[in-house]
Amino acid sequence: MSDTLTKDEIVALEKSYWDAMKEKDGARTAALSGKTSIVSGPRGVMSIDQAKMGKMTEEGNWTLQDYAFDDVHVSTPAPGVAIIAYKVKQTVTMDGKQKQMEAADLSTWLKGKDGWQCHAHSETVLGGPPPV
């Protein structure tokens with residue numbers, strides 16, 4: 001892939017990450033992650049190294065059954081930088097209970113010596129109570 005990606009290529013990268021999570025393929029999520037990735041979501045903010053990302057994918061007490069993207073926005077502000085934001089509907093099993101979730105996600109991808117890797121990801125769960 002070149003230093004500037006098309007929208008379809010950015011979406012394909014993001015889906016590759018989600019597919020790896022669905023398959024609980026820790027080696028692939030580690031390879032697609034930056035040396036240290038910053039992640040934010042309902043549980044707060046974390047910096048996660050590649051090895052831990054792979055382990056979390058394989059050993060987490062969750063299963064991703066299905067997902068679908070909607071309302072996808074992409075930006076390539078500079079060579080070697082790609083940002084994607086989208087809504088995602090996902091079916092997950094957490095602690096033995098299946099549920100459907102809708103969230104707004106954003107990922108930042110950078111091209112380095114190991115190819116394109118996700119260095120930051122944020123997820124905001126939608127449909128909760130309004131902010132106070």
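**Entry 1: strands 1 and 2.** I began with strand 1 and strand 2, which pair in the antiparallel sense over six bridges. Two strands count as paired if DSSP finds at least two bridges between them. Helices (H or I, at least four residues) and strands (E, at least two) are DSSP runs, numbered from the N terminus. I then looked for a facing pair, and found Thr 36 opposite Asp 49 in strand 2.

**Entry 2: what I am working with.** The model is predicted, so I note that local features need pLDDT of at least 70 and side-chain atom pairs count only at pLDDT 80 or more, while totals for chains, interfaces and linings use all residues. Residues are numbered from 1 along each chain as its sequence is written, and side-chain values use heavy atoms, with hydrogens and water left out.

Entry 3: I followed the strands across and wrote down the order 2-1-6-5-4-3 for an open sheet of six strands with mixed pairing. Strand 2 and strand 3 are the edge strands, each pairing on one side only. From one strand to the next the twist averages 20°.

**Entry 4: strands 3 and 4.** Strand 3 (residues 62-78) pairs with strand 4 (residues 81-94) in the antiparallel sense, over twelve bridges. Trp 62 stands opposite Met 94 in strand 4.

Asp 71 counts as partly exposed at 43% relative accessibility; the classes are buried (under 20% relative accessible area), exposed (over 50%) and partly exposed in between, with a 1.4 Å probe and protein chains only.

Pro 77 is another residue of strand 3. At 53% relative accessibility, Pro 77 counts as exposed. I also took the distance from Pro 77 to Lys 52: their C-alpha atoms are separated by 29 Å, and the two are 25 residues apart along the chain.

**Entry 5: helix 1.** The buried residues in helix 1 include Ile 10, Glu 14, Tyr 17 and Trp 18.

I then asked which strands helix 1 lies across. They are strand 1, strand 3, strand 4, strand 5 and strand 6 (115-125), and helix 1 runs at about 155° to strand 3. Axes are lines fitted to C-alpha atoms, for helices over the stretch in contact, and angles run from 0 to 180 degrees between N-to-C directions. Contact means heavy atoms within 4.5 Å.

Just after helix 1 I reached Lys 24, with a positive phi of about 55°, although Lys 24 is not a glycine. Lys 24 lies in the loop between helix 1 and helix 2 (26-32). Its relative accessible area is 23%, so Lys 24 is partly exposed.

**Entry 6: Ser 107.** Buried or exposed? I looked up Ser 107. At 1% relative accessibility, Ser 107 counts as buried. Ser 107 lies in strand 5 (residues 97-112). The side chain of Ser 107 makes a polar contact with the side chain of Glu 14 (2.7 Å). A second polar contact joins the side chain of Ser 107 to that of His 121 (2.6 Å). A polar contact is a pair of N or O atoms within 3.5 Å; within protein, one must be able to donate a hydrogen and the other to accept it, and residues adjacent in sequence count only if both atoms are side-chain atoms. Leaving out residues up to four places away in sequence, Ser 107 touches, among others, Ala 82, Ile 84, Tyr 86 and Cys 118.

**Entry 7: helix 3.** In helix 3 (residues 50-59) I found Met 53, Gly 54 and Thr 57 buried. Seen down the helix axis, the buried residues fall within an arc of 95°, so they line one face of helix 3. The arc is that of the directions from the helix axis to the C-beta atoms. On the other side of helix 3, Ala 51 and Glu 59 are exposed.

The cover over the buried residues of helix 3 includes helix 1, helix 2, strand 1 (33-41), strand 2 (44-49) and strand 3. Helix 3 lies across strand 1, strand 2, strand 3 and strand 6, running at about 110° to strand 2. Last, I checked the N-terminal end of helix 3, which Asp 49 caps with a side-chain oxygen 3.2 Å from the backbone nitrogen of Ala 51.
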